[in-house]
Amino acid sequence: MDRFITNRWIMKIIALALAFMLYMSVNIDTTSTQQRNNTASPFPSSPNVDVETVTDVPVETYYDRDNLVVSGLPQSVAVTLEGPTGTLKPTALQKDFEVFLDLSDLELGTHQVPLQWRNISEKLDVTVEPGFATVTIQEKVTQDFPVEVDFINRAQIEEGYQPEQPIVKPNIVKVTGSRELIDSIALVKARVDLKGVNEAINQQSRVTVYDSEGNTLNVEVEPAVVDVSVPITSPFKAVPLKINRKGTLKENLSITKVEAVPGEVTVYGPKGVIDGLEYIDNIDLDLTKITESTTIEVDVPVPDGVKRVVPEKINIKVEVEKEEQKTFTNVPIEYIGLPENMELEMVDPESGKMDLTVRGAPSVLEGLESTDMEMYINVTDLGEGEHELPLEITGPQNVSWDLPKRNVKIRLIETIE
């Protein structure tokens with residue numbers, strides 16, 4: 001064996017054989033690769049294919065909108081795109097394509113129409129869902145209708161308040177729709193909510209169209225919104241007026257009559273306020289400015305809590321005459337407030353009587369009697385002994401009086417049971 005290995009010729013033969021084998025190995029690999037390349041498909045490699053669905057794609061519709069009404073139109077559809085990713089992705093992202101219905105050549109009636117599209121690459125397969133729309137084409141009709149006002153929550157208006165006849169501007173609207181819908185119109189209304197209302201309403205209200213069964217109709221209304229004004233009547237009550245005389249007339253003049261025209265006014269406001277109002281009394285008449293019979297216009301004050309007063313102004317008629325006087329002699333002095341266990345003695349005047357001079361217009365004094373005048377003293381809460389008290393006098397309006405003295409003296413004596 002050692003002799004075989006050490007033989008030079010034998011070693012050369014082995015080396016040559018190994019080199020040949022290595023060459024053949026490399027050559028076979030290269031040829032195999034070339035053959036694989038040469039035997040591949042003559043067409044280019046297919047790019048990546050993708051699928052994507054775009055939802056809520058709006059649908060455009062083409063028809064004679066001036067003369068036709070179409071029902072059954074889809075508002076939006078879903079579009080599924082399939083094709084090369086490089087083409088599909090920009091299309092789905094930009095959504096610059098259009099889905100539409102072309103009804104321009106169709107006659108009146110019901111039709112099933114395919115949805116079409118444009119601005120989508122031919123490299124993409126397109127599926128629209130739904131693919132067809134069932135539409136009804138009808139003649140468009142426009143007609144005028146009056147607008148009524150529908151009060152809601154009427155029972156919840158503030159207590160005592162009432163809505164009056166509403167005013168609608170404009171009160172006539174144009175309603176446009178199919179002949180069938182226009183013929184079915186029963187009511188055209190604007191709604192006003194009265195919940196908690198206690199004053200006039202001025203608002204804008206949307207107009208709604210109804211059929212005879214109360215269903216809302218899908219029609220065009222022009223204008224769609226109207227202005228509504230509703231006067232609100234508050235609780236009211238008629239109350240008299242009380243004229244307060246301030247100052248005094250010029251000398252030698254006397255009032256024969258002071259009259260408010262009208263004699264009462266109507267007050268409006270919350271029920272709880274006007275229920276407790278008996279009269280309006282803060283109307284002043286300045287007597288210092290009266291020199292003759294006259295009529296004066298004055299504002300009627302609005303009491304606290306009252307919304308308004310009607311009328312807002314009144315006339316005060318004042319009649320005056322030259323003053324005269326009339327004297328009543330020995331008019332008895334009365335008394336009030338005497339306790340049951342007391343007796344009253346007049347000290348001054350001892351007679352318990354006094355003359356009374358009354359001044360006034362002749363027409364007032366003419367029928368005046370002494371019994372129409374009353375002089376009295378008030379002895380309420382007084383104890384036993386002498387007391388000096390002022391005289392108090394009551395009598396007809398529009399007269400004044402004079403007395404010899406303004407005070408009287410009395411004596412109270414406790415009685416023994």
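Q: Before anything else, what is a nonpolar core here?
A: A nonpolar core is a set of buried Ala, Val, Leu, Ile, Met, Phe, Trp, Tyr and Cys residues that are joined through side-chain atoms within 4.5 Å. The model is a predicted one.

Q: OK. In the largest nonpolar core, which residues touch the most other members?
A: That core has 27 residues, and the ones touching the most other members are Val175, Ile185, Val188, Val192, Val209 and Val228.

Q: Which elements give two or more residues to this core?
A: Strands E8 (132-146), E9 (148-152), E12, E13 (185-193), E14 (201-211) and E16 (225-230) each give two or more.

Q: And which gives the most?
A: E13, with four residues.

Q: What is isoleucine 185 in contact with, neighbours within four places aside?
A: Phe145, Val175, Val209, Tyr210 and Leu217. Val175 and Val209 are also among the residues that touch the most other members of the core.

Q: How many residues are in the other core?
A: The other core lies apart from the largest one and has 25 residues, including Phe328, Leu391, Ile393 and Val408. As a general point, nonpolar side chains in soluble globular proteins tend to be buried together.

Q: Stepping back, how many helices and strands are in the protein chain?
A: Six helices and 32 strands. The protein chain has 417 residues, and buried ones make up 32% of them.

Q: What share of the contacts comes from residues 24 or more positions apart?
A: Such residues account for 71% of the contacts with a separation of 6 or more.

Q: Is threonine 176 buried or exposed?
A: Buried. Its relative accessibility is 13%, and the cut-off for buried is under 20%, so it qualifies.

Q: What does the side chain of threonine 176 join in a polar contact?
A: The side chain of threonine 142, at 2.8 Å. Beyond four places in sequence, threonine 176 touches Thr142 along with Lys140, Val141, Ile182, Val219 and Glu220.

Q: New topic: how many aromatic pairs does a search of the whole structure find?
A: Two. One is formed by tyrosine 62 and phenylalanine 100, with 6.0 Å centre to centre and 75 degrees between the planes, and this pair is edge-to-face.

Q: Which strands do tyrosine 62 and phenylalanine 100 lie in?
A: Tyrosine 62 lies in E1 (residues 49-62) and phenylalanine 100 in E4 (residues 98-102), so the pair ties together parts 38 residues apart in sequence.

Q: Is phenylalanine 236 buried or exposed?
A: Exposed, at 55% relative accessibility. Tyrosine 268 is buried, at 14%.

Q: What sits over the ring of tyrosine 268?
A: The charged end of arginine 308, 4.2 Å from the ring centre. Phenylalanine 100 has arginine 118 over its face, at 4.0 Å from the ring centre.

Q: Next, histidine 387. Which strand is it found in?
A: Strand E29, residues 385-390. The side chain of histidine 387 reaches the backbone oxygen of glycine 383 at 2.7 Å, and a polar atom of that side chain lies 3.5 Å from the backbone oxygen of glycine 385.

Q: What else is histidine 387 in contact with, sequence neighbours aside?
A: Leu382, Val408, Lys409, Ile410 and Leu412. Val408 belongs to the core of 25 residues.

Q: Last one: where is glutamate 334 found?
A: In strand E25, residues 324-336. Glutamate 334 is partly exposed, at a relative accessible area of 40%. Setting aside neighbours within four places, its contacts are Met375, Tyr376 and Ile377.

Q: How many residues apart in sequence are glutamate 334 and glutamate 392?
A: They are 58 residues apart in sequence and 9.6 Å apart in space, C-alpha to C-alpha.

Conventions. Residues are numbered from 1 along each chain as its sequence is written. This is a predicted model: local features need pLDDT of at least 70, side-chain atom pairs count only at pLDDT 80 or more; totals for chains, interfaces and linings use all residues. Side-chain values use heavy atoms; hydrogens and water are left out. Buried means under 20% relative accessible area, exposed over 50%, partly exposed in between (1.4 Å probe, protein chains only). A polar contact is a pair of N or O atoms within 3.5 Å; within protein, one must be able to donate a hydrogen and the other to accept it, and residues adjacent in sequence count only if both atoms are side-chain atoms. Contact means heavy atoms within 4.5 Å. Rings of Phe, Tyr and Trp (its six-membered ring) pair if their centres lie within 6.5 Å; planes under 30 degrees apart count as stacked, over 60 as edge-to-face and the rest as tilted. A charge sits over a ring if NZ of Lys or CZ of Arg is within 6 Å of the ring centre and within 35 degrees of the ring normal.
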